[in-house]
Amino acid sequence: MDENLISISDLARILGITRQAVLKQLTGQIKAGEIETRTEGKKYLIEYSTLPQDIKDRIDQARKEVSQKAQELGTKPKKDRNFEKE
């Protein structure tokens, strides 16, 4: 999938709301052409660059948090398995 597209489901998960709530919030802007969308099969995709700035900020924050968590998991010392067996 294109990096510049985000699905309604992914957007809902990031924002912590339902898919229906996302569509309800953005329907007016989608119909007015302010937010560009397309479909791929059954997926409804939104052009990231056309989203309102507050939503973009929340997506960017979620991406940073995931990246930081991945780094923390990679740098934590591994458990001493022999210690646990004793």
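This is a predicted model: local features need pLDDT of at least 70, side-chain atom pairs count only at pLDDT 80 or more; totals for chains, interfaces and linings use all residues.
Residues are numbered from 1 along each chain as its sequence is written, side-chain values use heavy atoms, and hydrogens and water are left out. Local features need pLDDT of at least 70 and side-chain atom pairs count only at pLDDT 80 or more, whereas totals for chains, interfaces and linings use all residues.

The protein comprises four helices and three strands. Both are DSSP runs, numbered from the N terminus: helices are H or I with at least four residues, strands are E with at least two. Along the sequence the order is β-α-α-β-β-α-α. Of the 86 residues, 23% are buried. Here buried means under 20% relative accessible area, exposed means over 50%, and partly exposed lies in between (1.4 Å probe, protein chains only). Contacts are heavy atoms within 4.5 Å. Among contacts with a separation of 6 or more, 46% join residues 24 or more positions apart.

Two packed helices are described by the angle between their axes and the distance between the axes. Axes are lines fitted to C-alpha atoms, for helices over the stretch in contact, and angles run from 0 to 180 degrees between N-to-C directions. Helix α1 spans residues 8–15. Helix α2 spans residues 19–31 and packs against α1 at about 100°, with the axes 8 Å apart. This makes α1 roughly perpendicular to α2. Angles of 65 to 115 degrees carry that description; those under 35 count as roughly parallel, those over 145 as roughly antiparallel, and the rest as oblique. On the α1 side, the contact involves I8, S9, L11, A12 and L15, which meet R19, V22, L23 and L26 of α2.

V22 lies in helix α2. V22 is buried, at 1% relative accessible area. Beyond residues up to four places away in sequence, V22 touches I8, L11, A12, L15 and I17. V22 and L11 are 11 residues apart in sequence, and their C-alpha atoms are 7.6 Å apart. L23 also belongs to helix α2. L23 is partly exposed, at 31% relative accessibility. With neighbours within four places in sequence set aside, L23 contacts I8 and Y44. The C-alpha atoms of L23 and A12 are separated by 9.2 Å, at 11 residues apart along the chain.

Helix α1 also packs against helix α3, which covers residues 53–75. Their axes come within 10 Å and cross at roughly 75°. The two helices are therefore roughly perpendicular to each other. L11, I14 and L15 of α1 make this contact with I55, R58, I59 and A62 of α3. I14 is placed in helix α1. I14 is partly exposed, with a relative accessible area of 28%. Not counting residues up to four places away in sequence, I14 touches I6, R58, I59 and A62. I14 and D60 are 46 residues apart in sequence, yet 9.9 Å apart in space, C-alpha to C-alpha.

The whole structure holds one salt bridge. A salt bridge requires a side-chain nitrogen of Lys or Arg within 4 Å of a carboxyl oxygen of Asp or Glu. D10 and R13 form the bridge, with an N to O distance of 2.9 Å. The two residues sit three apart in α1, so about one helical turn separates them. D10 is partly exposed, at 26% relative accessibility. R13 is exposed, at 59%.

The search for aromatic pairs over the whole structure returned zero. A pair requires ring centres of Phe, Tyr or Trp (its six-membered ring) within 6.5 Å; planes under 30 degrees apart count as stacked, over 60 as edge-to-face and the rest as tilted.
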